[in-house]
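Try each one before reading its solution.

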Amino acid sequence: MNEVYFKDDSTEITLQDRFGIEDDYSQIIVEEILKDIEEVDREIVTLYYTKKFLQKEIGKMLGIRQVQVSRSLTKSKAMLKVSLKEVS
């Protein structure tokens, strides 16, 4: 969760920053929540946030369009936020 997925001269952003998760158990919680989403969405989230592939690259790997990858990420992030609010 603390792995940097965006960095420029003055900014580093981690998954923890992106999803607003602050506790030590955040990775475990996120993994449990991700078990509840569809397999393809889980794969997209993993490829994008942990493997750092671009949306276009993920689309090519999975045989779908970039816009479908973007929608999947948006949907998964929304589900994750809702689930995290329920946990906290």
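**Exercise 1: Ser72**

At 5% relative accessibility, Ser72 counts as buried. This is a predicted model, so please read every value below as computed from it.

Task: Work out where Ser72 is placed and which residues beyond its sequence neighbours it is in contact with.

Solution. 
- Step 1: Find the element. Ser72 belongs to helix α5, which covers residues 66-87.
- Step 2: Check burial. Buried means under 20% relative accessible area, and Ser72 has 5%, so it is buried.
- Step 3: Set aside neighbours within four places in sequence. Ser72 is then in contact with Asp41 and Ile44.
- Step 4: Look at the side chains. Those of Ser72 and Asp41 are joined by a polar contact of 2.5 Å.
- Step 5: From C-alpha to C-alpha, Ser72 and Glu38 lie 9.8 Å apart, with a separation of 34 residues in sequence.

**Exercise 2: Helix α3**

Task: Compare the span of α3 with the expected one, and list its buried residues.

Solution. 
- Step 1: Helix α3 runs over residues 39-50, which makes 12 residues.
- Step 2: From first to last C-alpha it reaches 16 Å, close to the 16 Å expected at 1.5 Å a residue.
- Step 3: Buried in α3 are Asp41, Ile44, Val45, Leu47 and Tyr49.

**Exercise 3: Lys52**

Task: Describe the backbone and exposure of Lys52.

Solution. 
- Step 1: Lys52 sits in the loop between α3 and α4 (55-62), just after α3.
- Step 2: Its phi is positive, about 65°, although Lys52 is not a glycine.
- Step 3: With a relative accessible area of 41%, Lys52 is partly exposed.

Methods. Residues are numbered from 1 along each chain as its sequence is written. This is a predicted model: local features need pLDDT of at least 70, side-chain atom pairs count only at pLDDT 80 or more; totals for chains, interfaces and linings use all residues. Side-chain values use heavy atoms; hydrogens and water are left out. Helices (H or I, at least four residues) and strands (E, at least two) are DSSP runs, numbered from the N terminus. The expected span of a helix is 1.5 Å times one less than its number of residues. Buried means under 20% relative accessible area, exposed over 50%, partly exposed in between (1.4 Å probe, protein chains only). Contact means heavy atoms within 4.5 Å. A polar contact is a pair of N or O atoms within 3.5 Å; within protein, one must be able to donate a hydrogen and the other to accept it, and residues adjacent in sequence count only if both atoms are side-chain atoms.
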